[in-house]
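Here is a short briefing on a few local features. Keep the structure open while you read.

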Amino acid sequence: MKIKKSPMTKYPRTLISSLIALGLAVLPAIAEDDQVDVDKDPLLEAANKNLENAKKAQMAVLQDQLAALNAARPELDFSNEISRALSIAKFKAYSNQRSQITFSMAEVAGVEKVKKDQDGNTMLLRRFDEYGRPVYITSDNANSRISQNINAIGEGSSLGLEGDGMTVGVWEIDRTLVDHVEFDNRVIQVDGSLVDYGDHAAHVVGTVAARGQNPRAKGMAPRASVFAFDANGDLEEMGANAAIAPGGGSTTILISNHSYGYGGVGWVPPPFLAPFWVWTGSPPPERFDPRFGGYDEDSSAVDALCYSSEYYLPVYSAGNSAANPGPAAGAPWGFVGVDGDIIFVGAYQPGFDPSRVVQDRNGFDTITGGAKTGKNVLTVGAAEDAVSGGSRDPSAATIAFFSSKGPVNDGRLKPEITANGVDLFSSVVANRNAYKEFSGTSMASPSIAGGAILLQQLAKERNGGRAITAASVKAVICHTADDRGTEGPDYTYGFGLANFLAATDLMLTNFSVPATVPSLFESAVSFLPNSTDFRRTIFQISASGGPLKATICWTDPASDPIPGAQNPTPALVNDLDLRIQGPDGRVYQPWRLGGLSRAELGATRGDNNLDNIEQVYIPNAEPGIYNVIVLADRFTDNAQGGQRFSLVLSGQRLVNQNPVGVEPPIDPVQWPFVVEPVTEVPAGLTTVATKVVNCYRIPIFGTAASNDDDLLQVAHHLGEYIDNDEDGIADNGLVHRAAIANDSFIVVFKDQDEFDTFAAAGDIPSVYLNAFNVRFIMGENIRTEMRSGRLDQSRVETLKLWLRAGYSSVTDYTSVFGELEGTVIEGFMQAAKDDVWMFGNVALDKPGWFHVDSTSIPQLISEYFYYVMGSRIGLFDFSGGGRTIRADWDLDTEEKLRGGDIWAYYLVNKPDYRLPRRMPDNEYNPDVPPGVPFF
């Protein structure tokens with residue numbers, strides 16, 4: 001054997017096993033050794049080389065097969081029973097093929113399909129990652145009833161909720177012991193398992209539904225039935241059993257529990273893989289494991305499943321990875337290489353080598369990936385017992401040291417809720433009467449699943465046999481939780497410690513007959529008929545003083561998987577906004593979190609464009625009428641005609657139970673317009689822009705020397721183009737969103753001299769000078785009234801921005817207003833342009849009314865569009881106005897346009913496009929009530 005002194009040395013698995021037996025002290029000695037001579041057998045080496053090459057070829061074939069299979073992954077369509085059955089059959093076939101290929105890859109690579117982790121939990125091979133390394137799933141392993149306040153709603157209480165007639169699905173790595181004395185023939189093992197009976201599965205099932213033969217082990221829903229499944233093939237089985245209708249029942253599952261996740265994520269402590277810390281994430285120099293907080297194929301699949309089954313809520317454990325510190329500075333470490341062997345690196349260097357969880361991130365960013373990072377599941381963290389002296393005490397529920405914390409990669413909130421997960425006493429499989437205490441988020445998760453099925457039992461009992469949606473269950477649990485940690489939701493506790501007594505109290509006010517204070521609404525926002533605008537829904541309530549709280553939750557369409565570690569691409573598809581407008585016009589915004597860089601700072605208030613659960617909280621709501629507004633801010637997927645949502649309210653006396661109005665939205669506008677210091681500046685303009693006005697989320701920047709009144713006038717003019725009828729609503733939502741998506745902005749300078757000074761100093765990047773989404777305006781050319789033949793530059797430049805960055809950029813309008821050859825407007829422009837025709841060898845003038853001389857099609861179209869619109873709205877129709885543009889355009893009034901360019905006139909007057917009909921008058925005064933301002 002020869003092992004050279006090197007910063008990176010490869011150890012085969014056999015050597016690692018030997019080193020584990022010898023102890024950690026041996027490894028540095030070997031690594032420091034200069035030479036160890038080993039006799040080599042050339043024939044044996046050649047045979048091994050041939051075998052290795054054959055395995056590589058075989059693995060390459062299997063990888064190609066898997067890639068082809070994944071490319072043909074079937075879509076889930078549960079829109080009706082026929083498509084549901086077909087989808088499940090296709091997905092099951094896909095899953096079976098994927099498992100067969102994965103297990104074949106395992107055999108070729110010599111990888112175990114089932115093994116134990118460092119804590120003795122069973123690990124089951126799930127897939128291979130992009131580096132060809134195996135990825136496993138593993139388990140996340142009578143005070144709990146008190147901690148969640150379930151004892152107060154169960155047997156002996158006025159409600160007596162015990163889970164009668166309800167079924168919970170439990171997917172596990174191990175097989176449960178169905179004949180344990182705690183289960184009363186209520187537990188059915190639906191499918192087989194690749195592994196044998198396991199304590200973990202029995203403990204989880206007991207936490208959900210143990211009858212209380214031993215009172216300490218009584219489950220959350222002690223009379224509920226449990227369908228137990230093997231975690232292998234979980235997604236298609238979930239699809240086959242998920243409730244898609246409010247009836248629910250014994251054959252469709254409303255709530256399921258999943259106390260497992262990816263195993264061996266991030267740092268694995270010695271001596272499980274090696275006698276030193278081993279990094280299992282992306283190979284160096286990458287610093288983060290993409291499985292922590294990643295939105296992968298499992299996350300996407302479970303979101304698609306839930307979106308198609310709106311009454312089904314899967315509950316997942318957050319993971320137990322917050323306590324894996326990683327190596328100390330200077331300690332030996334290694335990583336799992338592409339082929340699965342362990343590469344020894346040497347002394348650990350903080351700040352350069354892969355990030356440690358505890359030292360570098362304080363345990364944040366440790367949600368262990370897969371389905372538990374999905375938007376539509378409920379992910380659960382673990383806390384200490386919330387019991388003091390036999391009574392419930394939420395302040396005692398400090399977070400368990402091991403409980404995984406958020407955020408996930410895009411900054412979304414995870415976990416959403418916390419439950420007792422320390423030293424839970426429950427059933428195990430040693431015999432029919434065996435029990436043990438376990439700790440882990442695996443124990444917290446079934447506590448929530450058991451409590452959630454009780455909420456559905458209450459709903460069905462009080463709501464004519466109809467369950468509430470999964471979004472409603474999630475919203476109620478989060479809304480009624482006891483806040484822990486920092487104020488509002490945080491990445492440690494989520495919304496806090498679950499309180500099922502408070503949850504049932506809220507539901508009782510809603511389902512009492514007659515409803516005393518209706519508090520739960522299931523509604524929707526959708527497209528307006530025959531248009532592309534979105535609706536808002538307004539609930540008008542009254543508050544008599546005290547706290548006022550609103551929580552909205554919706555089941556969001558699945559995003560495509562988002563690859564890579566720390567990839568901040570949002571997974572949210574349809575973005576709804578929740579606001580409360582007070583009697584004085586003040587608008588209250590929801591909690592929002594700031595991602596990993598602000599993980600310990602807690603929540604602030606502002607626009608939350610990441611989560612599909614939002615909450616607005618007013619600690620001391622003055623008496624009066626409040627408008628609770630749900631606004632569709634962004635729709636990426638409108639396949640179902642809109643987005644359903646659930647709204648939970650507390651602290652209110654209802655004025656109108658049904659929505660006051662379902663109307664077009666007031667697209668976010670800060671009104672009245674105000675000049676504020678800048679917080680974010682476009683690249684390259686940091687020395688130029690010092691202040692800003694937000695006009696429908698299009699920033700109007702000003703220099704330090706620019707006049708505030710000039711900025712406000714520009715905002716008024718742009719506002720009037722966007723909202724020409726001044727009802728507080730963007731006239732064309734598609735155009736408005738295109739202008740925002742194009743990062744449009746305006747910069748106002750004091751005068752031309754100031755602009756020239758900045759330009760000469762290189763402070764204005766050349767890329768902005770002719771950009772379609774940027775306009776520069778000189779204060780000396782801004783006029784309230786247009787007279788003496790001088791155009792107001794603020795009206796001109798804001799119109800050009802709105803046309804180019806808006807109408808010409810909308811995908812749906814590309815064939816009409818696109819700055820391309822062959823578009824409708826390009827054809828009109830060519831007809832309007834004076835030109836020279838060749839008749840044989842003779843040049844003939846073709847008279848026209850558009851005289852701009854350019855070879856650039858985009859420039860010609862943009863100028864033509866501007867002149868057509870300017871004439872249409874009377875921009876040039878004042879004394880001397882026509883003279884200012886005569887060299888370029890003849891039709892300077894609406895009358896001339898209608899008589900001289902009839903097709904263009906019809907185009908810009910077509911109601912479908914909702915173009916401005918009148919010129920801004922510098923008196924923009926939107927009709928705002930109810931609902932403005934939003935931002």
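The expected span of a helix is 1.5 Å times one less than its number of residues. This model is predicted.

**Helix 12**
- Helix 12 has 12 residues, 500–511, and should therefore span 16 Å at 1.5 Å a residue; its end C-alpha atoms lie 16 Å apart, in agreement.
- Buried in helix 12 are Phe500, Ala503, Thr504, Leu506, Met507, Asn510 and Phe511.
- These residues cover an arc of only 160° around the axis, so they sit on the same side of helix 12.
- An α-helix has 3.6 residues a turn, so residues three or four places apart point the same way.
- Asn499 caps the N-terminal end of helix 12, with a side-chain oxygen 3.3 Å from the backbone nitrogen of Leu501.

**Ser445**
- Ser445 belongs to helix 10.
- Its relative accessibility is 0%, so Ser445 counts as buried.
- Side chain to side chain, Ser445 makes a polar contact with Asn257 at 2.6 Å.
- Beyond its neighbours within four places in sequence, Ser445 is in contact with residues including His258, Val315, Tyr316 and Val380.

**Sheet 33-34-35-36-37**
- Five strands form this open sheet in the order 33-34-35-36-37, with mixed pairing.
- Strand 33 (676–677) and strand 37 (774–778) are the edge strands, each pairing on one side only.
- Strand 34 (residues 691–695) and strand 35 (residues 698–702) run antiparallel, joined by five bridges.
- Cys695 stands opposite Ile698 of strand 35.

How values were computed
Residues are numbered from 1 along each chain as its sequence is written. This is a predicted model: local features need pLDDT of at least 70, side-chain atom pairs count only at pLDDT 80 or more; totals for chains, interfaces and linings use all residues. Side-chain values use heavy atoms; hydrogens and water are left out. Helices (H or I, at least four residues) and strands (E, at least two) are DSSP runs, numbered from the N terminus. Buried means under 20% relative accessible area, exposed over 50%, partly exposed in between (1.4 Å probe, protein chains only). The arc is that of the directions from the helix axis to the C-beta atoms. A polar contact is a pair of N or O atoms within 3.5 Å; within protein, one must be able to donate a hydrogen and the other to accept it, and residues adjacent in sequence count only if both atoms are side-chain atoms. Two strands pair if DSSP finds at least two bridges between them. Contact means heavy atoms within 4.5 Å.
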